Amino acid sequence: MELLTKVTFVSACLFAEWAVTFIGVANCSISPSEMSALKLPPAVIPVSQKSTLGSFYSLSLSSAFPEDLEVNEYCTELLRIYGQRYVTLANCLVTYARPVRICQNCYTGFNSLEDIYKNISSDQSGPGNVSCHDSLMRSDRLMLLYTLFIKLNEIWTSAKYCLTEDHEALSNDTLYFMATLNQSLSCFEQYQRNRTELCKECKTSYKRLNEVYGRMEKSQTLCIDLEDAMNMTQHLWSKKFSCLLPREETVSVIAVSSFMLFLPGIFYLSSFLNSEQKKRKLIHPKRAKSSSSLMNIQDKFN
């Protein structure tokens with residue numbers, strides 16, 4: 001057993017000496033001092049494969065495509081304008097998100113974005129008989145320009161009812177509501193330190209504001225700006241200042257509910273009185289008959 005161990009050790013030493021000699025011959029350009037510092041990487045790539053990968057990594061997405069796939073200058077300019085107007089509208093929406101004032105302040109930005117989007121998505125040709133619809137709208141599966149516009153258009157759908165039919169200005173109903181709203185808010189500010197006086201003095205203007213809001217709600221001319229403003233005003237009136245404003249429909253509902261509540265009692269009371277009256281009518285003839293028969297019996301005995 002000891003002899004076998006010695007033979008194995010000698011064999012290992014001879015193999016190590018042969019390996020060092022082979023490496024020294026194969027790497028004759030490396031000095032002995034560099035041999036001691038030489039470390040193999042964990043994954044060795046052949047030289048031929050390295051050159052191939054190197055050419056692949058040098059490829060950039062900015063490389064030019066064939067001319068028939070390139071976007072022409074006219075469409076590129078439309079794309080740049082679209083981006084600028086989109087950013088402008090997005091900034092406006094964020095700025096006036098709370099309290100909601102997007103319809104009052106952002107309709108010009110949306111009109112500008114809609115114009116450039118219609119220009120891009122139109123099939124009409126521009127300068128050089130070029131249409132940007134295919135190159136910008138349908139050139140990829142993502143359809144980014146279309147998706148971005150649809151998202152903003154969904155937001156704008158709830159805001160456009162405050163505008164005129166051509167979407168160029170605020171409607172007269174919107175301006176009248178805003179003037180009535182300002183009257184109520186001014187009254188709140190004037191009497192905010194005395195809630196009793198506030199509920200009394202501001203009742204007329206607040207009631208008029210509710211009437212205007214109700215008419216616009218029925219005619220479907222409300223936008224998100226006015227709805228948000230009315231919600232905040234109602235919160236101030238009822239929650240902060242603890243004021244009440246009974247509505248006509250509320251009074252009628254209370255009256256009908258009270259009548260329905262007392263109706264069973266009235267029914268049972270009338271039934272009871274009616275039954276008592278019938279009992280009296282039924283008992284009276286019996287008494288009269290019995291008394292007359294009694295008189296006849298007395299007459300017979302006499």
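The legends below describe several close-up views of a predicted model. Residues are numbered from 1 along each chain as its sequence is written, and side-chain values use heavy atoms, with hydrogens and water left out. In this predicted model, local features need pLDDT of at least 70 and side-chain atom pairs count only at pLDDT 80 or more, while totals for chains, interfaces and linings use all residues.

**View 1. The protein chain is built from 12 helices and 0 strands.** Helices (H or I, at least four residues) and strands (E, at least two) are DSSP runs that are numbered from the N terminus. Read from the N terminus on, the elements follow the order α-α-α-α-α-α-α-α-α-α-α-α. Of the 302 residues of the chain, 20% count as buried, where buried means under 20% relative accessible area, exposed means over 50%, and partly exposed lies in between (1.4 Å probe, protein chains only).

**View 2. Tyr82 and Tyr117 form an aromatic pair that is tilted.** A pair of aromatic rings is described by the distance of the centres and the angle of the planes. Rings of Phe, Tyr and Trp (its six-membered ring) pair if their centres lie within 6.5 Å, and planes under 30 degrees apart count as stacked, over 60 as edge-to-face and the rest as tilted. By this rule the model has 10 aromatic pairs. In the pair shown here, the ring centres of Tyr82 and Tyr117 are 6.5 Å apart and the planes stand at 40°, so the pair is tilted. Because Tyr82 lies in helix H4 (residues 73–95) and Tyr117 in helix H5 (residues 102–121), the pair ties together parts that are 35 residues apart in sequence. Both Tyr82 and Tyr117 are buried. These two residues also belong to one aromatic cluster, formed by Tyr82, Tyr86, Phe110, Tyr117, Phe149 and Trp156.

**View 3. Tyr82 and Tyr117 are buried, and Tyr206 and Trp237 form another aromatic pair, which is stacked.** The rings of Tyr206 and Trp237 lie 4.4 Å centre to centre, with 10° between the planes. This pair links distant parts of the chain, with Tyr206 in helix H10 (residues 203–218) and Trp237 in helix H11 (residues 224–240), 31 residues apart. Tyr206 has 5% relative accessibility and so counts as buried, and Trp237 is buried as well, with a relative accessible area of 2%.

**View 4. Arg98 and Asp228 form a salt bridge.** Their closest N and O atoms are 2.8 Å apart, and the pair links distant parts of the chain, with Arg98 in the loop between H4 and H5 and Asp228 in helix H11, 130 residues apart. Arg98 counts as exposed at 57% relative accessibility, whereas Asp228 is buried with a relative accessible area of 9%. Arg98 is also joined to Pro99 by a cis peptide bond, with omega about -10°, and Pro99 has its place in the loop between H4 and H5.

**View 5. Met143 and His167 each have a positive phi.** Most residues other than glycine have a negative phi, and most peptide bonds are trans. Met143, which is not a glycine, has a phi of about 50° and is found in the loop between helix H6 (132–137) and H7, where it is partly exposed with a relative accessible area of 35%. The phi of His167 is near 60°, and His167, in the loop between H7 and H8, is partly exposed with a relative accessible area of 24%.

**View 6. Leu209 lies in helix H10.** At 0% relative accessibility, Leu209 counts as buried. Leu209 and Leu181 are 28 residues apart in sequence, and their C-alpha atoms are 6.3 Å apart in space.

Definitions and conventions. Salt bridge = Lys/Arg side-chain N within 4 Å of Asp/Glu carboxyl O.
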